[in-house]
Amino acid sequence: MGGKVTLTDLQSMKRDGRKIVGVVAWDYQMARIVDRAGVDVVSVGDTVGINLWGQPNPLEVTMDQMIVVCQAVRRGVRRALLSCDFPFGPVQEGSKAAVRAAIRFVKEAGVDMVKLDGASDHLDAVSAVTRAGIPVFAQFGITPQTSLKYGVTYSATVTAGDAIPEELLDEMVGEAKRLEDAGAALLNFTNSGPIVGPAVAQAVSIPVVGGFGGGPWLDGRMRMATAAIGYSADSLDSPPDTYANVAQIALDAITAYAEDVRSARQIAGGLRR
């Protein structure tokens, strides 16, 4: 695919067995980089509050803040499909509020679809937003909020036999089918695991990707761009199992810059002379 990615393209990828590549991004520069890398989906997560702004949880993020972040990412994304998370509030307030929020995302931020977390508990909102002509990226599965509901232990990394036990397979397949019937265009199955994950992906015609606990058993994968490149202060003390350690590179660069300034060295173009 050389041009703009569409939902039809994602459907074709699922049918052909080609994996969908998704990343979470929160700023213009990262959006430009991941779009140039050729990812298929860019998701603007409400985790921006935790990971970029240092908030204790995503509940503090407002609709107005998400609009601003989505606008920035939209300016950097040309090829990939752009999705934006609902913050906590509109979906919980009911279908009408969800539709109003979705319309704002489309009109003010130019998103291609909207993402609903815990969507299986809000099927009416999924249907209402879809009827308004706005595609829905629906998240379900095991999260910190739903782990007690299912009686399992939440984990950010799933291995065989972890998180979603096989006895929940029928329930998860049922949730996926209900979301598809409600009109969801794409599913994010959180902490799916290698047993339940493939069954869910095969049970529905729409693509199923995974964030935490996702793997090759689904139609694709979502990951925070910052996590993939090791861009976190925590990476300085505990080297990450990622594709790079950008935090260390940034620390070394700023340290070298500071040394040059304090030593009265000439600095030109960001390179030492």
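User: What makes the contact of aspartate 16 with arginine 18 a salt bridge?

Analyst: In this predicted model, the closest N and O atoms of aspartate 16 and arginine 18 are 3.2 Å apart. The cut-off is within 4 Å, between a side-chain nitrogen of Lys or Arg and a carboxyl oxygen of Asp or Glu. The pair therefore counts as a salt bridge.

User: Why is aspartate 16 called exposed?

Analyst: Its relative accessible area is 53%. Exposed means over 50%. Aspartate 16 therefore passes the cut-off.

User: Which class does arginine 18 fall into, and why?

Analyst: Arginine 18 has 36% relative accessibility. The middle class lies between the buried limit of 20% and the exposed limit of 50%. Arginine 18 is therefore partly exposed.

User: How do you know that lysine 115 and aspartate 85 form a salt bridge?

Analyst: Their side chains meet at 3.8 Å, N to O. The limit is 4 Å, so the pair qualifies. Lysine 115 sits in strand S4 and aspartate 85 in strand S3, so the bridge ties together parts 30 residues apart in sequence. Both residues are buried. Elsewhere, salt bridges with shared partners join Lys4, Arg74 and Asp112 into one network.

User: How many salt bridges does this rule give?

Analyst: The count is 10. Among them is the pair of aspartate 219 and lysine 14, with its closest N and O atoms 2.7 Å apart. Aspartate 219 lies in the loop between strands S7 and S8, lysine 14 in helix H1, and 205 residues separate them. Aspartate 219 and lysine 14 are both buried.

User: What makes strand S5 mostly covered?

Analyst: Six of its six residues, 136–141, are buried. Buried means under 20% relative accessible area. Both faces are covered. One side carries Val136, Ala138 and Phe140. The other carries Phe137, Gln139 and Gly141.

User: How do you know that S4 and S5 pair, and how do they run?

Analyst: Three bridges join S4 to S5. Pairing needs at least two, so the strands pair. They run parallel. In S5, alanine 138 is the bridge partner of leucine 116. The chain passes from S4 through helix H7 (residues 123–131) to S5, in a right-handed β-α-β crossover.

User: How many bridges join strand S1 to strand S2?

Analyst: Three bridges link S1 (residues 20–24) and S2 (residues 41–44), which run parallel. With at least two required, this pair therefore qualifies. Valine 23 stands opposite valine 42 in S2.

User: What do the eight strands form?

Analyst: They form a closed barrel with parallel pairing, in the order S1-S2-S3-S4-S5-S6-S7-S8. On average, neighbouring strands are turned by 25° against each other, direction ignored.

User: Which residues make the nonpolar surface patch?

Analyst: Ile254, Tyr257, Val261 and Ile267 make it, over about 380 Å². Helix H13 (residues 246–262) gives the largest share, three residues. Isoleucine 267 is found in strand S9 (residues 267–268).

User: Why does isoleucine 267 count as partly exposed?

Analyst: Its relative accessibility is 31%. Partly exposed starts where buried, under 20%, ends, and stops at the 50% limit for exposed. Isoleucine 267 therefore belongs in that class.

Definitions and conventions
Residues numbered from 1 in each chain as written. Predicted model: local features only at pLDDT ≥ 70, side-chain atom pairs only at ≥ 80, totals over all residues. Heavy atoms only, no water. Buried < 20%, exposed > 50% of the residue type's maximum accessible area, 1.4 Å probe, protein only. Helix = DSSP H or I, 4+ residues; strand = E, 2+ residues; numbered from the N terminus. Right-handed = clockwise from strand over helix to strand, strands pointing away. Patch = residues over 30% accessible without salt bridge, like charges linked within 9 Å, V, L, I, M, F, W, Y side chains within 5 Å. Areas by Shrake-Rupley, 256 points an atom, 1.4 Å probe, with all protein chains shown as cover. Axes fitted to C-alpha atoms, helices over the stretch in contact; angles between N-to-C directions.
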